[in-house]
Amino acid sequence: EELISQIAAGEVVERPASVVRELLDNALDAGATQVTVRLSAGGVRLIAVEDDGSGIAQDELAVALRRHATSKISSLSDLETVATMGFRGEALAAIASVSELSLLSRPAAQASAFVLDARSGELRPAARSTGTTVEVKELFFSTPARRKFLKADATELAHCLESVRRHALARPDVGFAVWHDGKLVEQWRASFVPGQGDARDALARRLSDVLGADFVAQSVALQHRGGSVTVTGHAGLPDAARARADHQYCYVNGRFVRDKVISHAARSAYEDVLHGHKQPVYVLYLEIDPARVDVNVHPTKIELRFRDSREVHQAVRHAVENALATPRA
Ligand code: ADP
Ligand code: MG
């Protein structure tokens with residue numbers, strides 16, 4: 001069981017940033033409105049993710065650490081339409097097999113919090129308000145061959161920050177804070193409550209916080225509907241690229257993805273309108289009927305397959321072309 005989890009860990013956990021990604025997915029799935037990430041030594045020594053989400057009941061803590069334990073799918077058909085980030089039910093088990101993991105949690109209805117140490121199985125009462133803190137210490141301590149592949153702390157920290165950025169750009173309604181070795185390195189406040197306020201303003205504020213005010217000033221907001229695909233976001237003008245080359249963020253139904261169809265469509269639009277602009281910067285959010293997307297084709301959940309990639313390509317291309325071609329003051 002331990003070995004199987006360690007093998008699974010090889011797919012899911014490549015470096016501290018992968019742990020950050022999985023723990024943030026879980027925090028957001030739990031409905032968190034504020035997430036704090038604490039790192040030490042680039043995340044190798046410590047990754048702690050603290051949320052104010054729904055929490056895990058005392059008698060569910062051990063279950064959450066079991067392989068293929070997921071509270072997020074009740075039937076196989078759910079796999080088709082699953083809306084949550086994590087749904088394989090193996091992230092915590094995999095991470096616990098290559099680190100010293102503890103789960104500290106308190107659901108709102110429970111009088112006190114409990115902390116479970118994954119390795120010893122020890123469960124004891126603890127103090128905290130509603131929500132969950134997952135602590136991951138000494139990543140790969142028992143698998144020196146893997147630990148050896150980790151880069152300098154600064155590099156691992158940069159990857160961890162990129163993981164947080166990807167989540168933060170998807171959720172302007174959630175506040176994020178990142179600490180490293182006791183110093184606050186990033187803090188992005190939640191800028192709106194869903195259903196209240198202007199989502200466009202909230203997005204612009206989050207983009208400004210995360211990618212810089214220059215990016216927002218030098219980009220065009222876009223909104224386009226083509227077939228069953230809705231595309232929103234910001235397309236950076238050539239000047240934006242100077243500050244932030246290679247920053248291309250794409251989301252499908254709230255999930256960060258790297259996808260050739262989307263990036264090709266965006267690149268084509270830049271080539272058409274700006275004639276060979278090579279390193280565009282953009283942030284694109286696609287909303288599409290979940291039944292028209294296959295996710296879960298890769299353990300990191302970053303890749304996906306569209307049922308109708310032509311439709312997606314056209315929607316993205318038009319969205320970006322329209323934005324870039326719009327005359328500006
Ligand atoms: P998955 O997210 O795919 O279900 P994980 O191994 O990541 O699998 O997590 C296992 C289970 O632990 C989740 O299904 C959820 O019930 C619980 N869990 C993990 N993290 C949190 C959290 N931050 N808040 C509430 N529940 C959590
Ligand atoms: Mg998960």
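## Helix pair α11 and α12

In this predicted model, helices α11 and α12 cross in a right-handed sense. Helix α11 covers residues 260–274 and α12 covers residues 309–325; the two pack at an angle of about 35°, and their axes are 8 Å apart.

On the α11 side, the contact is made by Val-261, Ile-262, His-264, Ala-265, Ala-266, Ser-268, Ala-269, Tyr-270, Asp-272, Val-273 and Leu-274. On the α12 side, the contributors are Ser-309, Val-312, His-313, Val-316, Arg-317, Val-320, Glu-321, Leu-324 and Ala-325. By class, the residues of this contact are 13 nonpolar, four polar and three charged.

## Five-stranded sheet

Five strands form an open sheet with mixed pairing, in the order β9-β10-β13-β11-β12. Strands β9 (219–226) and β12 (255–257) each have a single partner strand, so one side of each lacks a neighbour in the sheet. From one strand to the next, the twist averages 20°.

Within this sheet, β10 (residues 229–236) and β13 (residues 282–288) run antiparallel and are joined by seven bridges. One bridge pairs Val-231 with Leu-286 in β13.

## Helices on the five-stranded sheet

Helix α8 (residues 199–211) packs on this sheet, where it touches β9, β10, β11 (248–252) and β13. The direction of α8 makes about 140° with that of β13.

Helix α12, already described as the partner of α11, also lies across strands β9, β10 and β13. Its direction relative to β9 is about 140°.

## Eight-stranded sheet

A further open sheet has eight strands in the order β5-β4-β3-β6-β2-β1-β7-β8, again with mixed pairing. The edge positions belong to β5 (123–126) and β8 (183–188); each has a single partner strand, so one side of each is left without a neighbour in the sheet. Ignoring direction, neighbouring strands are turned against each other by 15° on average.

Strands β3 (residues 100–106) and β6 (residues 131–137) of this sheet run antiparallel, with seven bridges joining them. Leu-101 stands opposite Val-136 in β6.

Which strands does helix α2 lie across? Helix α2, residues 16–29, lies across β1 (34–40), β2 (46–51), β6 and β7 (175–180). It runs at about 10° to β2. Of these strands, β6 is the one that is bridged to β3 as described above.

Definitions and conventions: Residues are numbered from 1 along each chain as its sequence is written. Chains are lettered from A and ligands numbered from 1 in the order in which they are written. This is a predicted model: local features need pLDDT of at least 70, side-chain atom pairs count only at pLDDT 80 or more; totals for chains, interfaces and linings use all residues. Side-chain values use heavy atoms; hydrogens and water are left out. Axes are lines fitted to C-alpha atoms, for helices over the stretch in contact, and angles run from 0 to 180 degrees between N-to-C directions. Helices (H or I, at least four residues) and strands (E, at least two) are DSSP runs, numbered from the N terminus. A crossing is left-handed if the near helix is turned anticlockwise from the far one by less than a right angle, and right-handed if clockwise. Contact means heavy atoms within 4.5 Å. Ala, Val, Leu, Ile, Met, Phe, Trp, Tyr, Cys and Pro count as nonpolar, Asp, Glu, Lys and Arg as charged, and the others, Gly among them, as polar. Two strands pair if DSSP finds at least two bridges between them.
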